[in-house]
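The sequence and model are shown first, followed by notes grouped by topic.

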Amino acid sequence: MDKETFYISTPIYYPSDKLHIGHTFCTVAADVVARYKRMCGYDVMFLTGTDEHGMKIEESAKAAGVTPKEFVDGIIAGENGILDLWKLMNISYDRFIRTTDDYHMESIQKIFRTLYDKDDIYKGVYKGLYCTPCESFWTESQLVDGKCPDCGRDVHYAEEEAYFFRQSKYAEKIIELMPEYLEPSTRINEMMNNFLLPGLEDICVSRTTFTWGIPVDFDPGHIVYVWVDALSNYITALGYGNDKYDDFDKYWPCDVHFVGKEIVRLHSILWIAMLIALEIPLPKKVFGHGWLLLDGAKMSKSKGNIRDPLILSELCGVDALRYFLMREYSFSSDGNFTNEILLNRINADLANDLGNLVSRTVAMVIRYFDGQLPMEQESDDIDTELIDNAMNLFAIYESNMEKFAFNTALAEVIKLASRANKYIDETAPWELAKDEEKNSRLAAVLYNLLETIRICTVMLMPIMPESCEKIFAQIGATDMLRSFESVTTFGMLERNTKVEKGDILFPRLDVSKELDELSGK
């Protein structure tokens, strides 16, 4: 029997901007879901990529003295480029699409022509305000203090012959369907009040003032507007309109698009209108996540307030950084990022709670039983609370992971690790070790700790895969004990499991020292 499928995508990122911790936040979240769903037994398609066309790329390439393709190639595939960053951050994508890929360009021309033939695209003249960095048109009423509402930069008046997409034609249908596919609910309110209810306008979908883009094949003076080009990647990457791939029917409709709240409008209105016009099923969910803010403002290269994930991962480790991003912030809301919050969270949860639990427990098994527990073990009533908490954890974890409440799911896992540390103090293994007649009781205490560690580690696997493998190796957990199926029953770990001492998993960080060093980077 074929596995049930699950398709998740991130936005395709603009290669002219250096990717910062905010981009990493979204992509790590998608990776966590992909890994989680694979562990649940799904056949997962995880798509990400790069959005490489537009005026901004053309201008940046000209300033750099290279062709646009050479410019984007260097940023994507060059040293410390996007591909290197996703490899460093252990992003397990299944497919990476570039909008300069031949098969994608072929599909876009077919999509544009199909919409034109259906009279959903028509020629006119565009007169309005345009933000080059965001590749977006705005009305006067949508500006904030006379500037782009997304990035806060200047807009300029533009007038040119252009093709328009009749998205207004689909406004009523979008209003009807939006509550079914858009989350969280705050995004629905924003889209309704700001765009749909005031009256949805048709949108410009071609340009003639620059050349770096996909030509409209029946009118070569025009290139396809970057957002029609970019949004369609979610289906072209599955083979829609091309022969490169053949799994559109298998994976579409997408289970969830993860997108930053600044592009929710395009994903929940324009993209949906295009799909309705093309008679393609809608995605099951569009989730508009919040921003990581720095000093109360969105991170951006132009503002000089980005935080480099390369530097942060060198400081605390990739897994610790992944954990921090998922644990510290609600995925649906904005969150303030500071280096101090990062360091303190890693110390509190990973060094003090989880790392300390693993190192103490393994060290005691080695000290008291030469690294291997005896089969004879004596239970006690004091064990009940820890065991019950461990067995009940997965239901809470699963409920939160399914609704992308990563921070709550992880808080519950660390809460169990903290409870296990308290259990060590309650049972005092060092006192039991003084009396040889209490060896069976001591063995039971240490077994309960190892089994609790195993259960916590299974649920941390989607977030910290490399660190979890190291923990499994230390506590002697075989592959079959690393699945979600194994965590609802306490006692799956072999009673006479053999442990191995390992390196410190999460060294405690000197907050003052590291803050001083980071302040200069």
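The model is predicted.

**Helix H1**
- H1 covers residues 21-39, and its 19 residues should span 27 Å at 1.5 Å a residue; the end C-alpha atoms are 26 Å apart, which agrees.
- Of the 19 residues in H1, 17 are buried, so the helix is mostly covered (buried meaning under 20% relative accessible area).

**Sheet layout**
- Six strands form an open sheet in the order S3-S2-S1-S11-S12-S7, and the pairing is parallel.
- The edges are taken by S3 (95-98) and S7 (182-183); each has a single partner strand, so one side of each lacks a neighbour in the sheet.
- Helix H3 (residues 68-77) packs on the sheet, where it touches S2 and S3, and its direction makes about 155° with that of S3.
- Helix H11 (residues 264-278) lies across S7, S11 (256-260) and S12 (286-289), at about 135° to S11.

**Strand S2 and its partners**
- S1 (residues 5-13) and S2 (residues 43-50) run parallel and are joined by seven bridges.
- Bridge partners in S2 include Met-45 for Tyr-7 and Thr-50 for Tyr-13.
- On its S3 side, S2 is joined by four bridges, again in parallel; Leu-47 has Arg-95 of S3 as a bridge partner.

**Burial of S2**
- Eight of the eight residues of S2 are buried, so the strand is largely enclosed by the rest of the structure.
- In a regular strand the side chains alternate between the two faces of the sheet.
- One side of S2 carries Asp-43, Met-45, Leu-47 and Gly-49, the other Val-44, Phe-46, Thr-48 and Thr-50, and both faces are covered.

Key
Residues are numbered from 1 along each chain as its sequence is written. This is a predicted model: local features need pLDDT of at least 70, side-chain atom pairs count only at pLDDT 80 or more; totals for chains, interfaces and linings use all residues. Side-chain values use heavy atoms; hydrogens and water are left out. Two strands pair if DSSP finds at least two bridges between them. Helices (H or I, at least four residues) and strands (E, at least two) are DSSP runs, numbered from the N terminus. Contact means heavy atoms within 4.5 Å. Axes are lines fitted to C-alpha atoms, for helices over the stretch in contact, and angles run from 0 to 180 degrees between N-to-C directions. The expected span of a helix is 1.5 Å times one less than its number of residues. Buried means under 20% relative accessible area, exposed over 50%, partly exposed in between (1.4 Å probe, protein chains only).
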